[in-house]
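Colleague: I am new to this structure and would like to know what stands behind the words used for it. Could we go through them together?

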Amino acid sequence: MADGKLPPHPNRGGPISRRQARRRAVEMLYEAAQRDTDAVTLLADRVGAVEVDPVADYTITVVEGVTAHRERIDELLAQHSQGWTLERMPPVDLAVLRAGVYEMLWSADVPDAVAIDEAVGLAKELSTDDSPRFVNGVLGRLGTIADRLRAVL
């Protein structure tokens, strides 16, 4: 969409920006990890529930995409997060990185630079002072080989 807004879903209060939808996806990925539950199951519980804010279509796309490709995403993160295991990463950073890798490699309409910038912005909003630099470093390393990775997915 030219204006960055997604069309409104029936029974929703209007369009939501991709940035807001992406943030909601990261929050759901984080919550699912903290609860040790499947993110798609958590998502299914939220979609259409009256007691929570409506869930944007792009949020659903990111959560389902990360879940579908999680094994490969985690392999890539483990390989390119120099000196960090996934278990040592702050859980919010891990959720941000998973969403960023998904967008870089599987969202054809999201340029790599946008996926990285958005992930860094989310790390600034949601995590520690060191997180934006860490997220930028990991996704930047993956960005240098993203074309090769997409060719073999």
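Modeller: Gladly, and let us begin on the outside. E71 counts as exposed at 64% relative accessibility, and its place is in helix α4 (residues 70–80).

Colleague: Why is E71 called exposed?

Modeller: Exposed means over 50% relative accessible area, buried means under 20%, and partly exposed is in between (1.4 Å probe, protein chains only). E71 has 64%, so it counts as exposed. The C-alpha atoms of E71 and D129 are separated by 28 Å, at 58 residues apart along the chain.

Colleague: Before we go on, what kind of model is this?

Modeller: It is a predicted model, in which local features need pLDDT of at least 70, side-chain atom pairs count only at pLDDT 80 or more, and totals for chains, interfaces and linings use all residues. Residues are numbered from 1 along each chain as its sequence is written, and side-chain values use heavy atoms, with hydrogens and water left out.

Colleague: What makes R98 buried?

Modeller: Its relative accessibility is 8%, so R98 counts as buried. R98 is found in helix α5 (residues 91–106); helices here are DSSP runs of H or I with at least four residues, strands are runs of E with at least two, and both are numbered from the N terminus. Leaving aside neighbours within four places in sequence, R98 is in contact with V66, R70, I73, D74 and L77, where contact means heavy atoms within 4.5 Å.

Colleague: And L94, is that residue buried or exposed?

Modeller: L94 is buried, with a relative accessible area of 10%. This residue is also found in helix α5, and it touches L77, L86 and M89, not counting residues up to four places away in sequence.

Colleague: How do you know that α5 is largely enclosed by the rest of the structure?

Modeller: Of the 16 residues of α5, 14 are buried, so the helix is largely enclosed. From its first C-alpha to its last, α5 reaches 22 Å, close to the 22 Å expected at 1.5 Å a residue. The expected span is 1.5 Å times one less than the number of residues.

Colleague: At what angle do α1 and α2 pack?

Modeller: Helix α1 (residues 18–35) and helix α2 (residues 39–46) pack at about 115 degrees, with their axes 9 Å apart. Axes are lines fitted to C-alpha atoms, for helices over the stretch in contact, and angles run from 0 to 180 degrees between N-to-C directions. M28, L29, E31, A32 and R35 in α1 meet A39, L42, L43 and R46 in α2. By class, this contact has 6 nonpolar, no polar and 3 charged residues. Ala, Val, Leu, Ile, Met, Phe, Trp, Tyr, Cys and Pro count as nonpolar, Asp, Glu, Lys and Arg as charged, and the others, Gly among them, as polar.

Colleague: What lies in the loop between α1 and α2?

Modeller: D36 lies there. D36 has a positive phi of about 55 degrees although it is not a glycine. At 73% relative accessibility, D36 counts as exposed.

Colleague: Which residues of α1 meet α6?

Modeller: R19, R22, R23, V26 and E27 in α1 meet E118, L122, E125 and L126 in α6. By class, that contact has 3 nonpolar, no polar and 6 charged residues. The axes of α1 and helix α6 (residues 112–126) come within 11 Å and cross at roughly 60 degrees.
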